[in-house]
Amino acid sequence: MSATSHQPSAVQRAPQQLRTPSNRKTIYDRNLNRTRTAELSRASFAYLFGEMVSYAQKRVTGIQDLERKLNEQGYPLGLRLLPLLLYREPPRTSVRPNRILPLLQFIHGPFWRHLFGRTADAIEHSSTANNEYMISDNEPLVNQYISVPKEMSQLNCAAYVAGMIEGVCDGCGLKAAVSAHNGGTEMWPGKTVFLIRFDEGVIEREGLLDAKK
């Protein structure tokens, strides 16, 4: 008489489905203007941003590498913020900027107000390079809660914001490289200057459009 072994049958799991609230609405049903004035507490922001910087710091080899990493983390956020902010603008001003000056004014105004509750402090055009512009923030929020050791004094965590600016520029079809630089003064020791270098093709296009006027 041969013995037969009994194999345990495999447990069949029911496929997981997206759970929805009792009112059958998800986050995609929310009005995009509903939370336009909502604010995140500074304590929450300081904790989350600090953790993000610490995470990036453990995976880099130097200051430039860390700033590059922060820039890369901010870039996709800028790309995604652009259509949302344009949607929330009044109809007459909700056009995607396709020239340098309107783009800089958009970043200086609506973009900065959405992130920090105020406009940036200044816009400047470089006197030595035609493709370089600067946006200044005298007290960047992203630097207020980061303790930088002396050996890393050149680090500027506003590289994260620089990445967001770069994402907005690229989203408007005006390709640029954006970096954050310490520009402290006696009055504003924490001042940061965001240097925006537009591609030569963007500058050539600007010149052609100006010539048609």
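Q: Where is the place of Gly 167?
A: Gly 167 sits in helix H4, residues 159-171. Helices here are DSSP runs of H or I with at least four residues, strands are E runs of at least two, and both are numbered from the N terminus.

Q: Before we go on, what kind of model is this, and how are residues numbered?
A: This is a predicted model, in which local features need pLDDT of at least 70, side-chain atom pairs count only at pLDDT 80 or more, and totals for chains, interfaces and linings use all residues. Residues are numbered from 1 along each chain as its sequence is written, and side-chain values use heavy atoms, with hydrogens and water left out.

Q: What makes Gly 167 count as buried or exposed?
A: Buried means under 20% relative accessible area, exposed means over 50%, and partly exposed lies in between (1.4 Å probe, protein chains only). Gly 167 has a relative accessible area of 0%, so Gly 167 is buried.

Q: Which residues is Gly 167 in contact with, leaving aside its neighbours within four places in sequence?
A: They are Tyr 75, Gly 78 and Leu 79. Contact means heavy atoms within 4.5 Å. The C-alpha atoms of Gly 167 and Leu 77 are separated by 7.2 Å, although these two are 90 residues apart along the chain.

Q: What about Ala 162: buried or exposed?
A: Ala 162 also has its place in helix H4. With a relative accessible area of 0%, Ala 162 is buried. Beyond four places in sequence, Ala 162 is in contact with Asn 71, Val 178, Ser 179, Ala 180 and Phe 194.

Q: Why is H2 called roughly perpendicular to H3?
A: Helix H2 (residues 63-88) and helix H3 (residues 100-116) pack at an angle of about 95°, with their axes 11 Å apart. Axes are lines fitted to C-alpha atoms, for helices over the stretch in contact, and angles run from 0 to 180 degrees between N-to-C directions. Under 35 degrees counts as roughly parallel, over 145 as roughly antiparallel, 65 to 115 as roughly perpendicular, and the rest as oblique. That angle therefore makes H2 roughly perpendicular to H3.

Q: Which residues make the contact of H2 with H3?
A: H2 brings Leu 81, Leu 82, Leu 85, Leu 86 and Arg 88, while H3 brings Phe 106, Pro 110, Phe 111, His 114 and Leu 115. By class, that gives eight nonpolar, one polar and one charged residues. Here Ala, Val, Leu, Ile, Met, Phe, Trp, Tyr, Cys and Pro count as nonpolar, Asp, Glu, Lys and Arg as charged, and the others, Gly among them, as polar.

Q: Why does Gly 184 count as partly exposed?
A: Gly 184 is at 46% relative accessibility, which means partly exposed. Gly 184 is found in the loop between strand E3 (176-182) and strand E4 (192-198). Setting aside neighbours within four places in sequence, Gly 184 is in contact with Pro 189 and Lys 191.

Q: And Asn 138, buried or exposed?
A: Asn 138 is at 15% relative accessibility, so Asn 138 counts as buried. Asn 138 has its place in the loop between strand E2 (132-137) and H4. Not counting residues up to four places away in sequence, Asn 138 touches Asp 121, Trp 188, Gly 190 and Lys 191.

Q: Finally, which pattern does the protein chain follow along the sequence?
A: The pattern is α-α-α-β-β-α-β-β-α, with five helices and four strands. Of the 213 residues, 36% count as buried.
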